[in-house]
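Please look over the model below.

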Amino acid sequence: MMKDKKDNSINLVSPKDFYGVAANCGSSSLPDMQNADSSQIKGANVPIMQVGMHNFKLPLKFISKDCEVRELQASVTGTVSLASNSKGINMSRIMRTFYDFKERVFSPEILSEILRAMKKQVSTSRAGIKISFQYPMKQKSLRSGLEGWQYYDCAYEARLDDLDRLRRLVHFDFVYSSACPCSAELSEHARINRDIYCVPHSQRSKVRVSVELAKGETLFIEDLHAHCLNALKTETQVMVKREDEQAFAELNGAYVKFVEDAARLIYAELDKDSRIADFEAACIHLESLHSHNAVSVICKGKPGGFNASFNDFSSLVC
Ligand SMILES: Nc1nc2c(ncn2[C@@H]2O[C@H](COP(=O)(O)OP(=O)(O)OP(=O)(O)O)[C@@H](O)[C@H]2O)c(=O)[nH]1
């Protein structure tokens with residue numbers, strides 16, 4: 001629809017003309033504000049650390065440890081650096097570059113190819129990408145022999161810096177039950193000394209494990225799940241009959257844990273895996289005793305790696 005300047009009437013552009021105009025224009029003859037000269041920069045003419053797209057969604061293929069390919073919904077965030085004197089980036093090129101890979105099977109390995117293509121297409125010195133997805137795994141019940149699907153919040157992340165150094169990270173959330181060791185002791189004390197029956201407090205808890213892969217190494221989601229289960233034992237259950245519930249109660253009795261214990265148990269597990277160059281684990285226990293949560297963060301402490309910078313845990317609440 002175009003406004004006729006003379007008599008203020010509105011000219012309706014016919015569909016033929018509309019597409020004709022569009023076909024003749026092409027984006028090359030359209031204004032290109034993102035590539036305007038530095039006189040068009042508003043505010044301070046300084047570099048920008050990250051600029052790009054957050055949370056665009058598309059179906060992607062992921063491969064399991066037993067080589068099964070699954071199509072899952074993914075949410076992608078891709079950003080690049082922007083130098084001073086540059087007004088803006090060609091924003092669509094981040095998504096268009098990513099779409100060039102959309103038929104590929106995704107694992108941490110492919111991210112470096114995508115980042116190199118992003119740096120080239122957007123002519124930038126740094127690039128970063130994070131692909132978040134929910135990964136399904138079958139969980140066997142503790143005693144009844146049944147099974148059910150459990151979904152895990154995961155993400156593959158990678159960054160390519162100015163010197164083309166690559167960091168590849170895998171993030172994995174593991175939800176578990178934490179029975180309090182102090183409450184367990186106090187309950188036993190009341191039973192033995194005053195014949196009082198008590199139930200120690202326990203609560204749903206979560207650990208977000210972020211691991212940096214060693215150069216040339218890979219890790220499957222199933223590997224991180226195995227590490228968390230070996231460390232914490234009391235994963236929340238899917239298919240539960242009474243015999244499974246009794247088994248779960250026994251498991252919690254055998255593996256009581258403070259939020260400090262959870263962090264150190266995960267540390268001990270991840271520290272053994274040579275495929276992991278660095279890691280951070282953030283734990284949150286949604287306390288049923290308190291009106292607040294108990295939290296902890298632990299990291300391997302590789303120089304220049306995760307430094308357990310202050311975590312406000314807001315993104316961790318189950
Ligand atoms: N840089 C930038 N672009 C934005 C922003 N918000 C919306 N856009 C739009 O992103 C759209 C796509 O940008 P481009 O990738 O440059 O589109 P294009 O110029 O047709 O793509 P090329 O042909 O690759 O140059 C443009 O219409 C921008 O106006 C923003 O905050 N920053």
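## Strand pairing

Gln 139 has Gly 148, in strand E7, as its bridge partner. Strands here are DSSP E runs of at least two residues, helices are H or I runs of at least four, and both are numbered from the N terminus. E6 and E7 pair in the antiparallel sense over 14 bridges; pairing requires that DSSP finds at least two bridges between two strands. The two strands form a hairpin with six residues between them. In the turn, Gly 145 has a positive phi of about 85°.

E6 also pairs with strand E4 (residues 69-82). These strands run antiparallel and share seven bridges. Ser 75 has Ser 132 in E6 as its bridge partner.

## Basis of the model

This is a predicted model: local features need pLDDT of at least 70, side-chain atom pairs count only at pLDDT 80 or more, and totals for chains, interfaces and linings use all residues. Residues are numbered from 1 along each chain as its sequence is written, and side-chain values use heavy atoms, with hydrogens and water left out.

## Helix H5

H5 covers residues 221-232, twelve in number. Its first and last C-alpha lie 17 Å apart, close to the expected 16 Å (1.5 Å times one less than the number of residues).

Nine of the twelve residues are buried, that is, under 20% relative accessible area with a 1.4 Å probe, protein chains only. Among them are Ile 221, Leu 224, His 225 and Cys 228. The buried residues pack against strands E6, E7, E8, E9 and E10 and helix H7, where contact means heavy atoms within 4.5 Å. Just after H5, Lys 233 takes a positive phi of about 70°.

Technical notes: Buried means under 20% relative accessible area, exposed over 50%, partly exposed in between (1.4 Å probe, protein chains only).
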